[in-house]
Amino acid sequence: MALFLSSSPDPGWFLRHRALLLAVTGLLLFLLPFVLLGEQSYVTIDDNLDVELTIPVLLARHHVVLDYATTTVVEPIMNGLPRNALRSGLNGTVWFFAWLPPLAAYFAQQAVVRVLGLLGMYLLLRRHLLPKPTDKGMAASLALAWAVLPVYAMYGLTVLGQPWVLLALLNLRRGPGRWTDWALLAVFPLWSMFVFVGPFVVAAVGLWVLYDGWQGQVTRGGAGRMLGGVTLLMAVFLVVEFPLFYSLLVARQFEPHRVEFNLSRLSKPGVGAGLRSAGQYLLMGHYHASRFFRGAALLAVGLALWQAPVGRRRVVRALLPLLLFLGLVALGCGFYPQLVGLVEDKLPLLRTFNLTRFHFLAPLLWFVVLAVCLGWLTSPRRRALVVTLQLVTALMMNPEWQANLRHLAGRPRADEPSYLAYVAPGLFRQVEQNIRRQTGLAPAQYRMACLGFPPAVAQLNGFYTLDSYQNNYPLPYKHRFRPLIAGELAKSPELRTYFDAWGNRCYLFSAELGKNFRVGKLPGKVKQPGKVVQDWAFNAPAFQSLGGRFVLSAARLATPARSGLQLRGEFTGPGSYWHIYLYEVAESGSENQDGDKGISQKTAEIL
């Protein structure tokens, strides 16, 4: 890394590393739409803006980043979610959001993660996979293709940082290694997600060492150093994630709702369904771990088998272990829900710990396959074709980047709102002021729940919600929340299975809305709602027993009185994605027959 730290690089330095500098420039151009659009940028919503971004914001806002006491809770989530159910305060992502406003933190993290991903892949390629002097341009281009993959930046280095781990392990395998190799393995857990990569990296390296030993390809010292490296990695993960391990395994702070997971109910049965799912994992991957078509790597494999001067047998021997591992991972992921259904009663741990996350290793392994094949190809045109195909594939399958390009071109998608339109701080400020004016209460003094939009939006705007989207929360809370929506679950077998067999989305459901958790207003119609729920079987007394008072809904309730609610306000505006209705639990006997007459409606026009 000394070449990046030189205080006075000479002109020859720039010439020697011009390919890398061009790749970094290309990455900065890739990030430019975020800078140009600012708050009007599109930020991935599903499993990101609707949950992941909110967590570090609330940890910092309520000053509990490093408060691991078993009594500490995060009040705005689910009536006080145990702090230890959320991210560790030692995770780098949390500190980005502790130091910067939410959107600035998101942009900064994305930029740093992608730059580090590019540098890590470049060094891995140059030192081990594409080391020839003539391969600099190819390595830089492939590193750029890696850095622009569609990934969840909120997971930090979980995916894009893996080349640093592989680089360190290969260095230790080859020779004594340097202190920097050990440092890389120690730093990676500080900015990645243990549940996504930790155990799976250890398992993969264990298989790797066994295969090396079987093939006689590594010395005992090399194997020992590799095992020592992953031991260090796991040790740091244990330190970083200590609150989670302690609360679940030692102190048993709470029983997680995950013990009731029933993956077999959530998946389609049969060999055909399993094979289709396996094919999806193999050829496209999973969106959490980067979804992109593996066509470039497969093309490179085909060209290597056809053209490589080393001979077809050597190509097969070198690639078969990797391709076999990728195929087995895909098959395991495809059939995992069905297999777990057969043994989950005897092995309940399989309900809570998702073994399909081996797929988080797949993007890097496919790039290794691609790089190995490129090293064998002799035709510059074919090599350029393969790398260009991978780069274009990554860009075309990056929904965040594509949405922002459409916005810059003046053709934004109506169903993919900008960050500002989605979070809508002006709109929800009007809601908060309306409640304060009517009741004299601040947000911390009442609880609410949301219908037709993610509770994370309300949480980001300072409200305290009884509902939320969480990967880990107490099972008793799920049981207490269910009566609120039992009537709607009875109407919809799909929603009933969705909640009972999974339940991460502990939401107010409506059978009429189904799984539409983003009920935006009709484009261009500021005062007209997009959805009307005709009959909502809401249990208002159960809601009150949890401390609930208000319901914010993105859909209008045709007969709120039947749900035990009264309309207290209506809010909309041209700058917001939402048309929000504020309902309050009606006092006993005070409801009107139609739920609308005599109720003061206030429309706040938000510019």
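Select E488 and K491, whose side chains meet in a salt bridge with 2.8 Å from N to O; a salt bridge here is a side-chain nitrogen of Lys or Arg within 4 Å of a carboxyl oxygen of Asp or Glu. Side chains of opposite charge can pair when their charged atoms come close. Both residues lie in helix 25 (residues 475-491), and because they are three residues apart there, about one helical turn separates them. Helices (H or I, at least four residues) and strands (E, at least two) are DSSP runs, numbered from the N terminus.

This is a predicted model, in which local features need pLDDT of at least 70 and side-chain atom pairs count only at pLDDT 80 or more, while totals for chains, interfaces and linings use all residues. Residues are numbered from 1 along each chain as its sequence is written, and side-chain values use heavy atoms, with hydrogens and water left out.

Now show the surface around this pair: E488 is buried at 1% relative accessibility, whereas K491 is partly exposed at 38%. Buried means under 20% relative accessible area, exposed over 50%, and partly exposed in between (1.4 Å probe, protein chains only).

Next, select E416 and R518, whose side chains form a salt bridge with 3.3 Å from N to O. This pair links distant parts of the chain, 102 residues apart, with E416 in the loop between helix 21 (399-408) and helix 22 (419-423) and R518 in the loop between strand 5 (505-506) and strand 6 (532-533). R518 counts as buried, at 18% relative accessibility.

Then move to D415 and R413, which are joined by a salt bridge of 2.8 Å, N to O. D415 is partly exposed at 37%, and R413 is partly exposed too, at 43%. The structure holds 17 salt bridges.

For the last stop, display helix 9 (residues 162-174) and helix 12 (residues 220-240), which pack at an angle of about 150 degrees with their axes 7 Å apart. Axes are lines fitted to C-alpha atoms, for helices over the stretch in contact, and angles run from 0 to 180 degrees between N-to-C directions. The two helices are therefore roughly antiparallel, a term for angles over 145 degrees. To see where they touch, select V165, L169, L172, R173 and R174 in helix 9, which meet G222, R225, M226, G229, V230 and L233 in helix 12; contact means heavy atoms within 4.5 Å.

Definitions and conventions:
Parallel < 35°, antiparallel > 145°, perpendicular 65-115°, else oblique.
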